[in-house]
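Please find below a colleague's note on the structure shown here.

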Amino acid sequence: MANVYENLPAGEVAKPQTKVIWRTFWILFVVTSLEFLLAFTMPAGTLRTLIFVLMTLVKAFYIVAEFMHLKHEVKGLVYAILVPTIFVIWLIGAMFIEGGSIYDLIHNF
Amino acid sequence: MAHSATVSTPSKTGTWFGGKEPFNASYGKLMMWYFLLSDAFSFSGLLIAYAVLRFKEIGYYNSEFAKQFGSIKEAGAKFVASDAYWPIPEKIFDAFPFFHGQHLPLVFVGLMTFILIMSSVTMVLAVEAGHRRDRADVEKWMLWTILGGITFLGCQAWEWTHFIMGTDQGAVRSVWMNGEWVQKTIHGANLTMNEYGPAPFAFCFFTITGFHGFHVLSGVFINLVIFYNTALGIYDRPGRNYEMVEKVGLYWHFVDLVWVFVFTFFYLV
């Protein structure tokens, strides 16, 4: 990525290239608005929780890939970030289930 | 990184013969990514603890109180806070500054999310301006980002204050006083008990949003320092570039990313 900073002639300022940035913003805005809509119209339950988690992962993907530029980095760096994160997300999901199991043990036995 | 050829012996090239940056990323940027990964593990630890604490309690809709109503919708409408079940977050977080007494569920936290995402957008615009070595634009967008961060912190401070102060009616809890359990009406919340639900509800709220708010605060400070450096023209000098803006941009986006997760798991689930 360092080469991005070395190609401009001194003194010149290029035009802003912000289309992708604003497009990503609108995607995040729409997904968040949908989340709010679901929060108020859909009855609470496992399905709704699952949809929320999926939408959060979609937003996370756009923030990491576009805002943090990870999509345009070398594949090795992408995997170095993604693979541990996927394991941790699995761990969070597993602990949600674990919490449910503790609930069962406390209340149903 | 320039690879200067030696005069006497031909230099070897290839991945493992030196002079190459791992992953084509500079040292600072790679280390920032590694730090963010470790910080993600810290937040994950907190969220995992929250997951276990949250789901070992009865959710409101499964409680005895809620089961007496005919439908989920009715149970939601007749919600009452109690320490017997985990509350519905949107019934607790329904206040908005200057609109005292009005029930605006999740509106304020939605505003906070919007402010933080906007500040992330302005941060990435600052990074883009840095690519073009447009110092004026970098300063402008970084100022907007800092403003967004300070506004978010102000909002969070209001949210905490309102949460700690509590409602006028409060709730009855058993308190250990002078060697016996006494029924007392408590208002608001602290780390050991709260009027909204079981004790972990407030404890998790303070710990998780507090840890996140601490990251926002440090991010604002770091952004201020880099803004100051930019305004001094340090990155405009020959041989320097605006990569530092990109690196602190990574940190700021991480803060936004964590908020997206915290917001979903605490306010929506």
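Predicted model: local features only at pLDDT ≥ 70, side-chain atom pairs only at ≥ 80, totals over all residues.

1. Make-up of chain A. Chain A contains 3 helices and 0 strands, so that its elements, read from the N terminus on, are α-α-α. Of its 109 residues, 16% count as buried.

2. Make-up of chain B. Chain B has 8 helices and 2 strands. Read from the N terminus on, the order of its elements is α-α-α-α-α-α-β-β-α-α. Of the 269 residues of chain B, 38% count as buried. Where contacts in this chain link residues at least 6 apart in sequence, 62% of them join residues at least 24 apart.

3. Overall dimensions of chain B. The radius of gyration of chain B is 25 Å, whereas a compact globule of 269 residues would have one near 18 Å. Along the principal axes, the C-alpha atoms of chain B occupy a box of roughly 85 × 45 × 40 Å.

4. Contact between the chains. In the interface, 48 residues of chain A are in contact with 48 residues of chain B. On the side of chain A that touches chain B, at least two residues come from each of α1 (19–41), α2 (46–67) and α3 (75–107) of chain A. The helix that gives the most to this side is α3(A), with 17 residues. By residue class, the side of chain A that touches chain B comprises 34 nonpolar, 10 polar and 4 charged residues.

5. Length of α6(B). Does the span of this helix agree or disagree with its number of residues? The helix has 31 residues, and at 1.5 Å a residue α6(B) should span 45 Å; because its end C-alpha atoms are 45 Å apart, the two values agree. The residue that follows α6(B) is B:G166, with a positive phi near 85 degrees.

6. Packing of α6(B). The buried residues of this helix include B:V138, B:W141, B:M142, B:T145, B:I146, B:G148, B:G149 and B:F152; B:Q156 and B:F163 are also buried. As for their partners, the buried residues of α6(B) pack against α5 (107–131), α7 (199–232) and α8 (243–268) of chain B. An α-helix has 3.6 residues a turn, so residues three or four places apart point the same way.

7. Why is B:T145 classed as buried? B:T145 is buried because 27 other C-beta atoms lie within 10 Å, and the cut-off for a buried residue is 20 or more. Apart from neighbours within four places in sequence, the residues in contact with B:T145 are B:S119, B:T122, B:M123, B:A126, B:N223 and B:W252. B:T145 and B:I117 are separated by 28 residues in sequence, and their C-alpha atoms are 9.9 Å apart in space.

8. The strands of chain B. Strand β1 (residues 171–177) and strand β2 (residues 180–186) of chain B run antiparallel and are joined by 7 bridges. One of the paired positions is B:R173, whose bridge partner in β2(B) is B:K184. Together β1(B) and β2(B) form a hairpin, with 2 residues between them. In the turn, B:N178 has a positive phi of about 50 degrees.

Methods:
Residues numbered from 1 in each chain as written. Chains lettered and ligands numbered in written order. Buried ≥ 20, exposed ≤ 12 C-beta atoms within 10 Å, placed from the backbone. Contact = placed C-beta atoms within 7 Å. Helix = DSSP H or I, 4+ residues; strand = E, 2+ residues; numbered from the N terminus. Rg over C-alpha atoms; globule rule 2.2 N^0.38 Å. Nonpolar A, V, L, I, M, F, W, Y, C, P; charged D, E, K, R; others polar. Expected span 1.5 Å × (residues − 1). Pairing = 2+ DSSP bridges.
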